[in-house]
Amino acid sequence: MENQFYKFLESLDGIEFMRPSKTAIEKITELASNRLPSTFLDVYTNSVPKNDVEYGDFVFYGINRVIEENTDYIPGANILPLGLFTFASTLDGDSICFDTNSPSFPVFQCFHSLLSGEDDISWYKEKMHSIPFNYENILKIAPKLADTFDDFVLKLLSGKAETFSEREIIDNL
């Protein structure tokens, strides 16, 4: 059966693909504690985008950028230890990640401005609010974009994938 994630990426204009290095494959596998959706793993171990790829409000990363986002940049480096693996972002810099703690790999949008600290999650709504920086609280403030990674890919293919504004989420807290 054709990999739908690859089909999506291949459908975008101007994308160059490359074979990832064995070292890069080992690194993303290690970062995700060997828990990656098979659809994602198939693409990222065979033929990955050479550069970042923009689609609508999303930016999909090449393998080296995936590694950087999960090790060097916020919020990816802050949320990875909790099992949230960044593979893309919004144009505004919010992480798009899947939850490696769940076998279905749900996809979430993690706001960079809310998740820039390591001790707490803070926002302003009439006054400053703060909650501890932990897995449960991140999932409270991170909108779920799809129940599974494969569902997210199908939304992309059908043009129905969407992002949320931070204000939409804060207003509902």
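**Exercise 1. The side chain of asparagine 3**

Task: In this predicted model, find which backbone atom the side chain of asparagine 3 reaches, and at what distance. Then decide whether asparagine 3 is buried or exposed.

Solution. 
Step 1. The side chain of asparagine 3 reaches the backbone oxygen of threonine 39, and the distance is 3.0 Å.
Step 2. Asparagine 3 sits in the segment before α1 (4-11).
Step 3. Setting aside neighbours within four places in sequence, the contacts of asparagine 3 are Thr39, Asp42 and Val43. One of these, valine 43, is 40 residues away from asparagine 3 along the chain, yet their C-alpha atoms are separated by 7.9 Å.
Step 4. The relative accessibility of asparagine 3 is 14%. The limit for buried is under 20%, so asparagine 3 counts as buried.

**Exercise 2. The surroundings of threonine 39**

Task: State which element holds threonine 39, and which side chain makes a polar contact with the side chain of threonine 39.

Solution. 
Step 1. Threonine 39 belongs to helix α3, residues 38-46.
Step 2. Its relative accessible area is 12%, so threonine 39 is buried.
Step 3. Beyond neighbours within four places in sequence, threonine 39 touches Asn3, Phe5, Phe149 and Asp150.
Step 4. With one of them, aspartate 150, there is a polar contact between side chains at 2.5 Å.

**Exercise 3. Two helices against α3**

Task: Classify how α1 lies against α3 and how α2 lies against α3. For each pair, find which residues make the contact.

Solution. 
Step 1. Two packed helices are described by an angle and a distance, both taken between their axes.
Step 2. For α1 and α3 the angle is about 55° and the axes are 8 Å apart.
Step 3. By class, 6 are nonpolar, 1 is polar and none is charged.
Step 4. For helix α2 (residues 22-31) and α3 the angle is about 155°, with 9 Å between the axes. Angles over 145 degrees count as roughly antiparallel, so α2 is roughly antiparallel to α3.
Step 5. Here Ile25, Ile28 and Thr29 of α2 meet Phe40, Leu41, Tyr44 and Thr45 of α3. This contact has 5 nonpolar residues, 2 polar ones and no charged ones.

**Exercise 4. The open sheet**

Task: Give the strand order of the sheet with 6 strands and say which strands are at its edges. Then follow β5 to its partners and explain why β5 is called largely enclosed.

Solution. 
Step 1. The 6 strands follow the order β3-β4-β5-β6-β7-β10, and their pairing is antiparallel.
Step 2. β3 (53-55) and β10 (144-146) are the edge strands, each pairing on one side only. On average, neighbouring strands of the sheet are turned by 35° against each other, direction ignored.
Step 3. Strand β4 (residues 58-60) is joined to β5 by 3 bridges. Across this pair, phenylalanine 60 stands opposite alanine 88 in β5.
Step 4. β5 also pairs with strand β6 (residues 95-99), over 5 bridges. Alanine 88 stands opposite isoleucine 96 in β6.
Step 5. β5 and β6 form a hairpin with 4 residues between them, and glycine 93 in the turn has a positive phi of about 100°.
Step 6. Of the 7 residues of β5 (residues 84-90), 7 are buried, so this strand is largely enclosed by the rest of the structure.
Step 7. Phenylalanine 108 has lysine 144 in β10 as its bridge partner.

**Exercise 5. Another hairpin**

Task: Find how many bridges join β8 to β9, and which residue in the turn has a positive phi.

Solution. 
Step 1. Strands β8 (residues 120-125) and β9 (residues 127-132) run antiparallel and are joined by 6 bridges.
Step 2. Isoleucine 121 stands opposite isoleucine 131 in β9.
Step 3. The two strands form a hairpin with 1 residue between them; glutamate 126 in the turn has a positive phi of about 70°.

Technical notes
Residues are numbered from 1 along each chain as its sequence is written. This is a predicted model: local features need pLDDT of at least 70, side-chain atom pairs count only at pLDDT 80 or more; totals for chains, interfaces and linings use all residues. Side-chain values use heavy atoms; hydrogens and water are left out. Buried means under 20% relative accessible area, exposed over 50%, partly exposed in between (1.4 Å probe, protein chains only). A polar contact is a pair of N or O atoms within 3.5 Å; within protein, one must be able to donate a hydrogen and the other to accept it, and residues adjacent in sequence count only if both atoms are side-chain atoms. Contact means heavy atoms within 4.5 Å. Axes are lines fitted to C-alpha atoms, for helices over the stretch in contact, and angles run from 0 to 180 degrees between N-to-C directions. Angles under 35 degrees count as roughly parallel, over 145 as roughly antiparallel, 65 to 115 as roughly perpendicular and the rest as oblique. Ala, Val, Leu, Ile, Met, Phe, Trp, Tyr, Cys and Pro count as nonpolar, Asp, Glu, Lys and Arg as charged, and the others, Gly among them, as polar. Two strands pair if DSSP finds at least two bridges between them.
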